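Please read this briefing alongside the sequence and the model. It covers domains, the strand arrangement and aromatic pairs.

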Amino acid sequence: MKQTLDIVPLKSWFDTGDAPLIIAGPCSAETEEQLVATAHLLANTGKVNVLRAGIWKPRTRPGEFEGIGSIGLQWYRRAKEETGLPISTEVATAKHVEEALAAGVDILWIGARSTANPFTVQEIADALKGVDVPVLIKNPVNPDLSLWLGALERVNRAGIKKLAAIHRGFSSYEKTAFRNEPMWDIAIQLKTLVPELPVINDPSHICGNRELIPYIAQKAFDMDMQGLIVESHIDPSVAWTDAKQQVTPQALSDLLSNLTYRHAKSDDPVFEDKLAELRKDIDKLDDQIIKILSDRMKIVEKIGEYKRDNNVTILQVNRWDEIIHKRSNVAQALKLDKDFVVKLLELVHNESIRKQNEIMNSKPVAEA
């Protein structure tokens, strides 16, 4: 079901032409020299639209560097005046909002930890009432689409119409190459629910290391995201926070030059005709898949009745192992991804068990 937010298009509050919105700067404002020097190098690339820097840094454990604090806003204002670039920062309290706006911060963002807490989001939203400022909202730490959407709704109801989401990945117990799992499907769900909402990708926090950033950045554009927010430091090797995921301004410039920027639509009628033809083929196959699943479930129901009448348990572990093994082999032979097929089979299996559970707890027609 589509969700409606009262927002204005990105181009109405930050027009980058046909190019994506690029926000970049250090993870943290550390010293005035570091912040201003980095800002100049980023401005000189001609590819950065907005500066970013953490003034207040919510940390997992006490004793870690929690941001330079309000004094950094003075340095930030100098960076803005000298480069002409708008500035943005994260806010986590009403006081942060007040101080940031007083210092001339142009764009605010709400971080992942704050998004996860509706009380915090509401406090920030209340502080934004009557203010006309763009606000970007990062996805919550955990993969919870409702929390992300809820944060967007709270800020929107406070009167903020210049609104966008930031996809920065999600925490996971599984150890992978990424600091935060991209879980693209959740970002896609958000774009599907709120098609008019701009979504910006944060490859720095997804990757956790600079080597993977080009891969994620390209994938973000392939997914029709409207921009990037990237951490860039004059010398990442001595950065006070998140050193491994920051890139130099020159490295960022090179990265952006090597990305392929795509468009959501094409003006070429030949392309559109061919795409429509291929989509018709997909629609036909989808209908066939649904029909086959329906036929399969009818057989599942018969199996459930047979098991019930013969007092046999629903779950047959050996049979399930056999299905996974055989179907996985067939999938690989057909060049289908094994993990995808296993997940699909698990969904079908779970629905089969649900249906058989219903049958097990019902009486045969003759007894009813």
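The notes below begin with the basis of the model and then go through its features by topic.

This is a predicted model, in which local features need pLDDT of at least 70 and side-chain atom pairs count only at pLDDT 80 or more, while totals for chains, interfaces and linings use all residues. Residues are numbered from 1 along each chain as its sequence is written, and side-chain values use heavy atoms, with hydrogens and water left out.

**Domains**

- The protein is split into domain 1 (10–258) and domain 2 (269–361), with bounds taken from an automatic or database domain assignment.
- Between the C-alpha centres of domain 1 and domain 2 the distance is 41 Å.

**Barrel**

- Eight strands form a closed barrel in the order β1-β2-β3-β4-β5-β6-β7-β8, with parallel pairing; strands (E, at least two residues) and helices (H or I, at least four) are DSSP runs numbered from the N terminus.
- From one strand to the next, the twist averages 25°; axes are lines fitted to C-alpha atoms, for helices over the stretch in contact, and angles run from 0 to 180 degrees between N-to-C directions.
- Strand β1 (residues 21–25) pairs with β2 in the parallel sense over 2 bridges; pairing requires that DSSP finds at least two bridges between two strands.
- Ile 23 has Val 50 in β2 as its bridge partner.
- Helix α7 (residues 145–157) packs on the sheet and touches β4 (107–110), β5 (135–138) and β6 (163–167), where contact means heavy atoms within 4.5 Å.
- The direction of α7 makes about 155° with that of β6.

**Aromatic pairs**

- Rings of Phe, Tyr and Trp (its six-membered ring) pair if their centres lie within 6.5 Å; planes under 30 degrees apart count as stacked, over 60 as edge-to-face and the rest as tilted.
- The count by this rule is 3 aromatic pairs.
- One of them joins Phe 65 and Trp 240 edge-to-face, at 5.2 Å centre to centre and 85° between the planes.
- Phe 65 sits in the loop between β2 (50–52) and α3 (71–83), and Trp 240 in the loop between β8 (227–231) and α11 (249–257), so the pair links distant parts of the chain, 175 residues apart.
- Phe 65 is partly exposed at 24% relative accessibility, as is Trp 240 at 44%; buried means under 20% relative accessible area, exposed over 50% and partly exposed in between (1.4 Å probe, protein chains only).
- Phe 221 and Tyr 261 are also edge-to-face, because their ring centres are 5.1 Å apart and their planes stand at 65°.
- Phe 221 belongs to helix α10 (residues 213–222) and Tyr 261 to the loop between α11 and α12 (269–309), so this pair ties together parts 40 residues apart in sequence.
- Phe 221 is buried, at 6% relative accessible area, whereas Tyr 261 is partly exposed at 36% relative accessibility.
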